[in-house]
Amino acid sequence: MRLLVTGGAGFIGSAFIRLALREDWASRLVNLDKLTYAGNLENIASVEADPRYRFVHGDILDAPLLGSLFGEEKFDAVVHFAAESHVDRSILGPAAFVETNVRGTFQLLEAARAARTARFLLVSTDEVYGSIPEPHDADETDPLNPSSPYSASKAGADLLALSYFTTFGTPVLVTRASNNYGPFQFPEKLIPLMISNALEDRPLPIYGDGLQVRDWLHADDHCRALNAVLLHGSPGEIYNVGGSRALPNREVVELILDTLGKPRSLMTPVTDRPGHDRRYAITTEKLQKSTGWQAQIPFEQGLRDTINWYRANTEWTARVKSGEYRSYYERNYSER
Ligand code: NAD
Ligand code: TYD
């Protein structure tokens, strides 16, 4: 397949590119990325020299650029990761979320429609369902009830994409994954932030009571699910992708501290996030039945490997934490 990957210099997009080229999912792979604070060419340095691979530095909002790329490259499929992806940043500044996640997805859908691309996979999130009270697990027919500007912008993108299937017959597929973790994740999200602060013996900020529940999915398991949906999914359908490993935040953070041999007293309760979703929980039955996909990486093993990766790559973390990260950290945490 000739693939266009958007946002491939970020956390999950780069995992997808490394796997796709290693496991021959693509004969051609073009990575279109704007290189925002979250985009990092170091994440994909290992594939730079691959003759199947091309990097294009650009914005998904740039319609003329999209037009010429689709014309030149004749893609069989688009895998659309590019997004503003962090809830806390969407609270500090929602504008970029509406621009990239909603308007950017619109531009990409227009380009795929004009080029009659055979598959358009929108990488979405279980956060579009909002907080799910126990004991229910959301399936693909659950109503959308997003709480944050991030999840609302993703829900907007989902609806727009599905409308392109219904109205124009654009072969759209939507996946909704739970919280991802793994190497190369920007240290603004829970797991890499906690590992990185613990390694530096700095306080670990726990929002509210820390009993919010997230379902953890290794990024490589997520990417294998995306490939399975590309190959076996039906256009117009939505597929949840969960790790089936729901844990309260406190337990995750305790596991990190125990693995690193650091004291639990580093955990520091701070003011809760506004609009904080209490629990995310989804069923993945539809994906399993339709494609045979199963998560392969048990959370304890994946977390241990991720901790070891951050331990071995302190220079990567130091580089991404210089500059912009400092002012973000100050803005997000100093008032809590
Ligand atoms: P990330 O923030 O690490 O990476 C996003 C990438 O998109 C960056 O490389 C950035 O430079 C690029 N980008 C941003 N705006 C762009 C634009 N206008 N044009 C081109 N490129 C642009 O994000 P991630 O965690 O890898 O998430 C990838 C996708 O998966 C997102 O769509 C996100 O909503 C979805 N998702 C993430 C999770 C998670 O736990 N991280 C879970 C479910 C779904
Ligand atoms: P996060 O990684 O931001 O993902 P999301 O909000 O999209 O689920 O946060 C995961 C959980 O961890 C969420 O309940 C908020 C909590 N959290 C903290 O308690 N402290 C922190 O510093 C961060 C970043 C998150």
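Ser153 counts as buried, with a relative accessibility of 4% (buried means under 20% relative accessible area, exposed over 50% and partly exposed in between, with a 1.4 Å probe and protein chains only). This is a predicted model, in which local features need pLDDT of at least 70 and side-chain atom pairs count only at pLDDT 80 or more, while totals for chains, interfaces and linings use all residues. Residues are numbered from 1 along each chain as its sequence is written, chains are lettered from A and ligands numbered from 1 in the order in which they are written, and side-chain values use heavy atoms, with hydrogens and water left out.

Ser153 belongs to helix H5, residues 149–168. Helices (H or I, at least four residues) and strands (E, at least two) are DSSP runs, numbered from the N terminus. Apart from neighbours within four places in sequence, Ser153 is in contact with Phe97, Asn101 and Val102, where contact means heavy atoms within 4.5 Å.

## The sheet of 7 strands

An open sheet of 7 strands, with parallel pairing, has the order E3-E2-E1-E4-E5-E6-E10. Its edge strands are E3 (53–57) and E10 (238–241), each of which pairs on one side only. Two strands pair if DSSP finds at least two bridges between them. On average, neighbouring strands of this sheet are turned by 20° against each other, direction ignored. Axes are lines fitted to C-alpha atoms, for helices over the stretch in contact, and angles run from 0 to 180 degrees between N-to-C directions.

Strand E1 (residues 2–6) pairs with strand E2 (residues 28–33) in the parallel sense, over 5 bridges. Within this pair, Arg2 has Arg28 in E2 as its bridge partner. Helix H5 packs on the sheet and touches E5 (119–125), E6 (172–177) and E10. The direction of H5 makes about 155° with that of E5. Helix H7 lies across E1, E4 (77–80), E5, E6 and E10, and runs at about 145° to E5.

## Helices H1 and H7

Helix H7 (residues 219–232) also packs with helix H1 (residues 11–22), at an angle of about 65° and with the axes 9 Å apart. H1 and H7 are therefore roughly perpendicular to each other. Angles under 35 degrees count as roughly parallel, over 145 as roughly antiparallel, 65 to 115 as roughly perpendicular and the rest as oblique. The crossing of H1 and H7 is right-handed. A crossing is left-handed if the near helix is turned anticlockwise from the far one by less than a right angle, and right-handed if clockwise.

From H1, the residues that take part are Phe11, Ile12, Ala15, Phe16 and Leu19. They meet Ala219, Asp220, His222, Cys223, Arg224, Leu226, Asn227 and Leu230 in H7. The residues of this contact between H1 and H7 divide into 9 nonpolar, 2 polar and 2 charged. Here Ala, Val, Leu, Ile, Met, Phe, Trp, Tyr, Cys and Pro count as nonpolar, Asp, Glu, Lys and Arg as charged, and the others, Gly among them, as polar.

E7 and E9 (residues 213–218) run parallel and are joined by 3 bridges. Asn179 has Trp216 in E9 as its bridge partner.

Gly182 lies in the loop between strand E7 (179–181) and helix H6 (190–199). Gly182 is buried, with a relative accessible area of 1%. Not counting residues up to four places away in sequence, Gly182 touches Phe11, His218, Thr306 and Tyr310. Gly182 and Ile307 are 125 residues apart in sequence, and their C-alpha atoms are 8.6 Å apart in space.

Helix H6 is largely enclosed by the rest of the structure, because 8 of its 10 residues are buried. Ile191, Pro192 and Leu193 are among these buried residues. Just after H6, Asp201 takes a positive phi of about 55°.

The axes of H6 and helix H10 (residues 299–312) come within 10 Å and cross at roughly 50°. That makes H6 oblique to H10. The crossing of H6 with H10 is right-handed. Ile191, Pro192, Ile195 and Leu199 of H6 make the contact with Phe299, Leu303, Thr306, Ile307, Tyr310 and Arg311 of H10. By class, the contact of H6 with H10 has 8 nonpolar, 1 polar and 1 charged residues.
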